[in-house]
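Q: Can you walk me through this one? I'd like to hear about cavities and salt bridges.

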Amino acid sequence: MANIIGIDLGTSTTLLACLSNSGEPKICNNKDDAPLTHSAVWFEGPNTVIIGAEAKKMFGVAKEDEIFVEYKRRMGESNLSFRVHGKDWHPRDFSALVLRQIREHFEANNGPIDAVIITIPANFSDEARVNTIRAAQEAGFSLGNDALVNEPTAAAIYYASTSPTKLRGKYLVYDFGGGTFDATILDVDGDDIKVLTSMGVQELGGKDLDEKLIGLIGQKYTLLTGKPFSPEETMGELQLSRWDVEQLKITLSTREKVTVALKTQDRGTLRPEITRNEFNEAISTLIAQAELAVENALDNAKLQPKDLSGVFLAGGSTLVPAVAESVERHLGIKPISRNPVASVALGACLYSAIRNKTKLSAAQTTAVGAKKVQDVTPHFFGTIYRNTHSGKLLVETIIAKDRPLPCSETKSFSRGEHQGDGVKVSITQSGAEQTDPDFVDTIWSGHLKDLPLVTQPTEIKVTYTYDTNGIMQCRIVDVLSGKELNVQLDKKGSIGHKPAGSKVDIKDYTLE
Amino acid sequence: MEIIIGIFVVIGIINLLGNMFNGDNASSTNTSSSAPPRGGYEGGQGSGGSGANMGRFEVRANQVMRGSNKDVRVISIQGRGLLPVHRTMEIQFVTWAEDITDDSGGEPVFCSLSEFRHHENPTFQCVMDKGSLSPNHGFGDWVELGVAPLDALAFPRSGTRNIRFYCYMTEKTSPSLRKSLLGDTCYIRITTEETGYKEWKDKLVEALTLSMRLGVAMAHADGEFARNEATSIKDWLKERVDRLDDDEQAEAKAKLNAALRAAVAEAATGSLDVSKAIRSLRASPIRNAAYDALELCTIIMSADGVISTQEMTLLREIGDNLGISEQDIQGLTDKHTPEAVTDSGEGGLTDELLVGLDIKLPPTEIKRKLRETFARYNSLLTTERDQAKRLRYQECIEAVARLRKKYG
């Protein structure tokens, strides 16, 4: 039997799901025999790396520059590095350490992995996607062309597969994870799942709920002692770790109030109470962000809440009562919560099976069925040109966000006599349609060279093609000479050949 | 090497050219040299008569209306006569212009369309392919050899202008190798209301003065004209004055320095008239003068590292009164203020001002505006790498969330 797996590489926790003999996805425990592996890395010494819960518990206790959590949020910053014991580390390296550990444990018990899909937030930048792929490669995974799936899409597959009745209609996946939030709207017709749009919030997750709880604890501490509270310094003095705070948050999900033990040096142990109402009030602006993102997604899909046939919850933060309650209050629909912590990993495993049907056994093939998933482009992709009237550099969208995959678009530009024998080409991405180069990310730039000199404007055709594997081909053709430039921005690293920090430098384009 | 230029604008120009060249007596401007020219050559020994009969080469200029709606003002340069060459060759006609109204030696005529410019500078030049020419051939009748899009031309001054066109024939080659094989001049008198580029320099200094006055007002908004605010004004002005010709810089600097001293003195006594400066800037013929002025104000607002309520309020008032769109105002603050912190102290910058929410809007509009603002900053945060900008965008997202809670 082939080992078909899906991995939810989360901001706070990582889960691995594998396809059973009967074709059902199931969560596989880690080396500590726990389903969740905390996405935390602690460099205890130059040659000692501790991964998982033990590392997470030391966050806020161990040296700040030796312990790393929530690094997923910075996955898209390729130039970032952290120096630990004389070696430079990027967030992808931390992810690779976590992935390697869970891979090695799984393979030791089950044999080699035959197919793997890793989940990412729907609005992850291209660079963050590439770094996730690299992390998996560093961890020793052998990846197919389609190695990634968006977290809410994976959750939707899980919900569609486990629904007691065939789903039909428009559904919202409300994915409030450890570090990111995604609102994704899908059109489901039985086994056909079509993503219509995704709206993600990069810095909204369980981590932010924890921060609000820390703020509340700080207020109580100041009230009792009259002293200022600084999370970085005071928490260490009070022997209160981030892990403790997370446990308090979990407890508040089932109790109306919790008591916090704050071990002060001069006043003994203080025990302030924090009520669920206080916590709810503190996180209300975070929930407001989720509501706004949902409304943006509905706007993008040109839908009203009444058009939705259902709402599915995914991500551990949806276990916070105020979060689930807000969904019902906001949309007027009681959300369905089925295994929200594991739904993304389980869905990723099913997606892995859908994409690797030739590797499945007969029983697995029957169980997976004829499911089809159609995703959409995650961003706006464009190019930079100079407006001949104003002389200004502008961005022209070639492929818009939320286009069903695969898709291809061509737009014509021109070059004139004054442009000599070449044109500069930039490929940009942005979360919303932008015309100002200052507000887009240039993910590739290069030149179409050695073109014939012209005395009249001639046509340049720019074609972007985005396939179902998340690979974008860009073809730039000088129609007069037939010369062309082909660029492939795939998820396996060719995008990484672009120069570091290639944000548009306007100086490059100014007249001398 | 240059960047790709714009699709819509340029394709529009190509269409426009097509319309232009479809006029009477016009020749095709097909870039393919093999295309036969309409109104083509006549053989000297053939139906058109001998070269001697055809007459010497001459050109003329007419102002005509072109385009599908006949609303595009064009000067058509036409030629006729014998084109003496000793072998068959691919030829082009190159047309350029001088303004001889004030100076018989001629002053340059510039063009805003790159397709009608010299390959090395922005002066007007039209290059038109005319296909293959054999010895002892020419144009028996008037044929269009060049066009000048009148509304895209820039003359030294406004009013009635005397323009001299020079049109010459050359073998088709790269721009740097062109040689005149024969040519002729013609004259036309045109009237333009557009501010001339020589006048423009005066208008530019005037616009800079007005922008600077707004900048000084902005610097005083928090009650203090800080050193870094003054430096910002100076740097901004210097950058623009440096673009003037050397002989014009001294005069401009003197004017601007005097105006700066006056503005600072007026601001100190509360007599600096912002409204008047705004009115004048709105009427300025300088393109983007109002936007540039607001950009200076935005730079000054964040120059001391702190943005106060007074400063942001004044910036939005100035922007509104200058006719700058709300989106552009927000775009300028996003561009120039990420390094500055918002003043959260008493009377500090409110969430409404930070994200530009007009609380006088009806509740449904406030909700819509907040959704749009959230989408804007959320999308910017997705792809922005600069840490200062990321923090500012995150700050704006959190402000929108608080406002959502506040206004429902």
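What follows is a short chat about a predicted model.

Q: How many cavities of 30 Å³ or more does a search of the whole structure find?
A: The search finds 9.

Q: What volume does the largest cavity have?
A: The largest cavity holds about 160 Å³ of space. It is lined by 20 residues, and the closest to its centre are Arg73(A), Gly76(A), Ser125(A), Gln202(A) and Thr382(B).

Q: Which helix gives the largest share of that lining?
A: H11(B), with 3 residues.

Q: How does the lining of the largest cavity divide by residue type?
A: There are 4 nonpolar, 7 polar and 9 charged residues.

Q: And the second largest cavity, what is its volume?
A: About 70 Å³. Its lining includes Ala122(A), Asn150(A) and Lys401(A).

Q: New topic. How many salt bridges are there over all chains?
A: The search finds 60. One of them pairs Lys166(A) with Asp191(A), with the closest N and O atoms 3.4 Å apart.

Q: What does the pair of Lys166(A) and Asp191(A) tie together?
A: Each residue sits in a loop of chain A, so the pair ties together parts that are 25 residues apart in sequence.

Q: Is Lys166(A) buried or exposed?
A: Lys166(A) is exposed, at 54% relative accessibility. Asp191(A) is partly exposed, at 24%.

Q: What about Arg415(A), which residue is its salt-bridge partner?
A: Asp478(A), with the closest N and O atoms 3.2 Å apart. Arg415(A) is in strand E24 and Asp478(A) in strand E28, 63 residues apart.

Q: Is Arg415(A) buried or exposed?
A: Arg415(A) is buried, at 0% relative accessibility. Asp478(A) is buried too, with a relative accessible area of 0%.

Key:
Residues numbered from 1 in each chain as written. Chains lettered and ligands numbered in written order. Predicted model: local features only at pLDDT ≥ 70, side-chain atom pairs only at ≥ 80, totals over all residues. Heavy atoms only, no water. 1 Å grid on protein atoms, 1.4 Å probe; cavity = no way out; pocket = protein on both sides within 12 Å on 5 of 7 lines; lining within 4 Å. Points joined across faces, edges and corners; volume = space filled by probe spheres on them. Helix = DSSP H or I, 4+ residues; strand = E, 2+ residues; numbered from the N terminus. Nonpolar A, V, L, I, M, F, W, Y, C, P; charged D, E, K, R; others polar. Salt bridge = Lys/Arg side-chain N within 4 Å of Asp/Glu carboxyl O. Buried < 20%, exposed > 50% of the residue type's maximum accessible area, 1.4 Å probe, protein only.
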